[in-house]
Amino acid sequence: MAAKLQAPRGTFDVLPEDGQRRRELYRRAGSVLGRYGYRPFETPVIEDTDLFARGVGESTDIVRKEMFTFEDRGGRSLTLRPEGTAGVARAYVEHGMHKLPQPVKLWYWGPFFRHERAQAGRYRQFAQVGTEALGSDDPSLDAESILLLAELLEAAGVHEVRLRLASLGSLEARAAYLDKLRGYLREHEGELSEDVQGRIDANPLRAFDADHPGTRAVMAGAPRLLDNLSGDDAEHFAEVRALLDGAGVSYDVDPTLVRGLDYYTRTVFEFESGRLGAQSGVGGGGRYDGLVEQLGGPATPGVGWAAGIERILLASDSELGGFPRPVYVAVADDGGRREAFALATALREAGIRTELEQAGRSLKGQLKHADRLGAKAVAIVGEGIEWKDMGTGEQRSVTNAQEAVRIAVGLEP
Ligand code: ATP
Ligand code: MG
């Protein structure tokens, strides 16, 4: 026998039950996003490697350890996108979207790739839904983004949600704080993990995110960015919080919140769900006022988030079903096959989900199969058409296909 093949490590097949839940989530997400005025947007799955090196940041885990990077046949270095914002910012510049009325509000849904240790809720190919609002630094956009994700999670049936919120300040104001933090980390260098030690210069904020016990102990006493914001940044953050308070969104201000991407400025946030184990993050984002400029565009503020589809589905207690019960068309004897096919087609054209016998079952086998499919009615095609309502058990003869369709249309879903 030929050796069996398997899906690559960290990837998965979406089986039909899951496919249905994903579709339903997509539908609900689209409905929430549309209400907030965000428009659907897509970028390629492959981008120049340089986009992520510059856009996500050389010192981030994503760029250092997690990217699928390869050379194409022309010797160019390409990368399977590990996140969505860099690509959207690139497209914004490439299409001159700064000339459109601002802010430009976009949303996306699609596959992303990170070379990580695969486990429940953490894959090498996963899907994200995300938004970006570019071209304005108004705090209402920060609040709106957060509200939007909160509403989407609610529509998806994700409960036990906790929102953590912080501000990283603007890039210039942050520089002074980072020097202060570097000084503190150097004083305690011996107590830190090697990983954190190696990044004191490049990315000292990551030390707040470490699991290493020694590092955590040191960080408990570290100077905090939130206590070192400039006047403008503090005011911006206060306004975001006031808008969220007004909207009834509860959150914890968490001065230790850092995000895994270099481009964030000012507002950052993360949603977690108690339904998830160790991989508790469902989605997160923040403001990135320097990113577009860093990618060669005009100075353009922006704010957005991304949420993991698989984690939303893991944390959701909603059925996200929505697949209607079918009408089943059975054949009493082989002679009725063409009539049965025609009736099934007529039912489908009338908008009814219809299944029909296609595997050579006996009539008894067909009725059993209809039951398994949860059919709400069975039409048995033989000499005429026998209509059996599976809810009431009532059975009657119908004169022709049109009448059968009329009855089917009138049934409860
Ligand atoms: P984590 O801390 O779990 O590694 P992250 O900070 O790297 O998450 P983001 O870059 O903020 O995640 O991505 C947004 C969301 O995408 C996450 O909250 C999560 O739901 C999802 N996500 C990120 N990486 C993966 C992955 N490898 N597999 C599945 N979902 C993921
Ligand atoms: Mg990660």
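Reader: Which residue in β5 is the bridge partner of Pro40?
Author: That would be Trp107. By the way, this is a predicted model: local features need pLDDT of at least 70, side-chain atom pairs count only at pLDDT 80 or more, and totals for chains, interfaces and linings use all residues. Residues are numbered from 1 along each chain as its sequence is written, chains are lettered from A and ligands numbered from 1 in the order in which they are written, and side-chain values use heavy atoms, with hydrogens and water left out.

Reader: What makes β1 and β5 a pair?
Author: Two strands pair if DSSP finds at least two bridges between them. Two bridges join β1 to β5 (residues 104-113), so these parallel strands pair. The element names are DSSP runs numbered from the N terminus, with helices as H or I (at least four residues) and strands as E (at least two).

Reader: Why are β1 and β8 called edge strands?
Author: They belong to an open sheet of eight strands with mixed pairing, in the order β1-β5-β6-β11-β10-β9-β7-β8. Both β1 (39-40) and β8 (252-253) pair on one side only, and that makes them the edge strands.

Reader: How do you know whether Val240 is buried or exposed?
Author: Buried means under 20% relative accessible area, exposed over 50%, and partly exposed in between (1.4 Å probe, protein chains only). Val240 has 0%, so it is buried. Val240 sits in helix α9 (residues 231-246).

Reader: What does Val240 touch?
Author: Leaving out residues up to four places away in sequence, Val240 touches Pro139, Asp142, Ala143 and Thr267; a contact means heavy atoms within 4.5 Å.

Reader: Why does Glu160 count as partly exposed?
Author: The relative accessibility of Glu160 is 47%, so it falls in the middle class. Glu160 lies in the loop between α5 (139-155) and β7 (161-167), and its phi is positive, near 50°, though it is not a glycine.

Reader: Why does Arg266 count as buried?
Author: Arg266 has 11% relative accessibility, so it counts as buried. Arg266 lies in strand β9 (residues 265-273), and its phi is about 50°, positive in a residue that is not a glycine.

Reader: What makes Asn400 a cap for α14?
Author: A side-chain oxygen of Asn400 lies 3.3 Å from the backbone nitrogen of Gln402, at the N-terminal end of α14. A polar contact is a pair of N or O atoms within 3.5 Å; within protein, one must be able to donate a hydrogen and the other to accept it, and residues adjacent in sequence count only if both atoms are side-chain atoms. The buried residues of α14 (residues 401-410) are Glu403, Ala404, Val405, Ile407 and Ala408.

Reader: Which residues around ligand 1 are the closest?
Author: Arg114, Glu116, Tyr123, Arg259 and Val282 are the closest of the 14 that surround ligand 1; a residue is near a molecule or strand if one of its heavy atoms lies within 4 Å of it. Strand β10 gives the largest share of the shell, three residues.

Reader: How far is a polar backbone atom of Gly281 from an oxygen atom of ligand 1?
Author: It is 3.2 Å away. A backbone N or O atom of Gly283 lies 3.3 Å from an oxygen atom of ligand 1, and for Gly308 the distance is 3.2 Å.
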